[in-house]
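Subject: Structure handover

Hello,

The structure we spoke about is below. Please look through it first; my notes on what was found follow.

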Amino acid sequence: MPMSRQSQNKATQSHPRSQRVAGWATLESQPSAQKLTEVDESMMRRALALAKKGAGRVEPNPMVGCVIVRDGRVIGEGYHRRFGGPHAEIEALHSCTRNPRDATVYVSLEPCCHHGKTPPCTAALIEAGFARVVTPFYDPNPAVNGKGLRRLRAAGIAVTTGVLVHEAAEVLAPFLTTVRLGRPYIIAKWAQSLDGQLITPPGESKWISCEMSRRTVHRLRARVDAILVGVRTVLADDPLLTARDVPLRRQALRVVLDGQLRIPVSAKLVASSKTTPTLVFTTPQALNTKKAQQLTRQGVELVASKTRNGRLLLGECLSHLANRRVTNLLVEGGPTVLHAMLKARLVDEAWAFVAPRLIGGDPQRCCLANVFANTDPRAATVERSGNDLLYRLRLTDLPRAAEARRWK
Ligand SMILES: NC(=O)c1ccc[n+]([C@@H]2O[C@H](COP(=O)([O-])OP(=O)(O)OC[C@H]3O[C@@H](n4cnc5c(N)ncnc54)[C@H](OP(=O)(O)O)[C@@H]3O)[C@@H](O)[C@H]2O)c1
Ligand SMILES: [Zn+2]
């Protein structure tokens, strides 16, 4: 929950009436194996805080932070700043104000031991002569998965695992979800009235939430890899689904579920697809149509997916997105798609903006009332967002990181 946690803290400070109804910290956590010192925990906390600074810039890589401590003093720290850039350990090493020989490294994920975009961090740590490496758990990436720690131990470096496992899993949840479950980490966001309606009456403005809430959504869009909607939202609202007026590394991939290729060629998503990519999941039959050719010519990418009961198979669409390294997916609706995602228990986090108004109308069609039966949030927060309340619910357990081996 990288950025959300920060924004929650900020919101809590600036809005005294904000209330934490149940902390993320109440989530189930793994027992730690070793006797850990308070220093270990506080340094790992610092490494995790640094890690979160990479939110929106490092994906699909994990956010990782690193602190180097010698003789009880922090002599270096760093974090993975951008995709393809140096890893946290290397950033921290380069920042050292003293010789790091015999120092302790606190790093929020197992150091890598393979040649990826950069050389392995284990080699750099061994060469620098560190005495000890402290980390929460294995990197679940099969290319690492314990091998990094084994290499460090073989070089005579003491290794401690199991430090702040739960907190680290929270920061690394999108990365862990993609690697371990083969689907992106999913945040579903919607705006609703007090009576639970997500759709405004015909002829009225489509906006339910206030301007401040919409700004929050733009910040959220700026840090995800893809944004998904159902075709009826495109037909009703003609959205652009870009992040606007916020600092940005790149626009997210825009994704539409559209079995019959009903998306208009004149839609903003289509017209802008040469500058900001748009992907439409559809049926194999729809691919062989004139409409498909028109859309492709405009720059829209079409991907065929199987169907069940006339609806595209969500699992297939999601694994396609994970395969192309979509780590964070924002689902923006409408109610039909949100309903399907929630019912299939695919939503990891829900962000519900609740506006102080009553809309009325058919509760079956426009609200999510039925899907929350037997869905107890694992954790929840609430904060003020202008005139609205923003409820954030965690709906899935944190993905379990690989069990840290009990190093003696
Ligand atoms: N309040 C909010 O936060 C919010 C957000 C977004 C939209 N909206 C409003 O919601 C309305 C549109 O919502 P909606 O519920 O009518 O439609 P929707 O969720 O936008 O789109 C639903 C369509 O997606 C397609 N689809 C393909 N595979 C699917 C699958 N596996 N599961 C579900 N849908 C699948 C289906 O069309 P095919 O059968 O043709 O494939 C389905 O009819 C608009 O009025 C919009 O303004 C509100
Ligand atoms: Zn590395």
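Five strands make up an open sheet with mixed pairing, in the order β3-β2-β4-β5-β6. Here helices (H or I, at least four residues) and strands (E, at least two) are DSSP runs, numbered from the N terminus, and two strands pair if DSSP finds at least two bridges between them. The edge strands, each pairing on one side only, are β3 (73-79) and β6 (158-160). On average, neighbouring strands of this sheet are turned by 15° against each other, direction ignored; the axes are lines fitted to C-alpha atoms, for helices over the stretch in contact, and angles run from 0 to 180 degrees between N-to-C directions. Within the sheet, β2 (residues 65-70) and β4 (residues 104-107) are antiparallel and share four bridges. Cys 66 is opposite Val 107 of β4.

This is a predicted model: local features need pLDDT of at least 70, side-chain atom pairs count only at pLDDT 80 or more, and totals for chains, interfaces and linings use all residues. Residues are numbered from 1 along each chain as its sequence is written, while chains are lettered from A and ligands numbered from 1 in the order in which they are written.

Six of its six residues are buried, so β14 is largely enclosed by the rest of the structure. A residue is buried if 20 or more other C-beta atoms lie within 10 Å of its own, exposed if 12 or fewer, and partly exposed in between, with C-beta atoms placed from the backbone. Strand β7 (residues 185-193) pairs with β14 in the parallel sense over four bridges, and Ile 187 has Leu 330 of β14 as its bridge partner. Strand β8 (residues 226-230) is also parallel to β14, over four bridges; there Val 229 is partnered by Gly 333.

Ligand 1 has 28 residues around it, of which Gly 230, Arg 232, Gly 259, Gly 333 and Gly 334 come nearest. A residue counts as near if its C-beta atom, placed from the backbone, lies within 6 Å. Elements giving two or more residues to this shell include β7, β8 and β14. Helix α9 (231-237) gives the largest share, five residues.

For the protein as a whole, there are 15 helices and 17 strands. Of its 408 residues, 46% count as buried.

Regards
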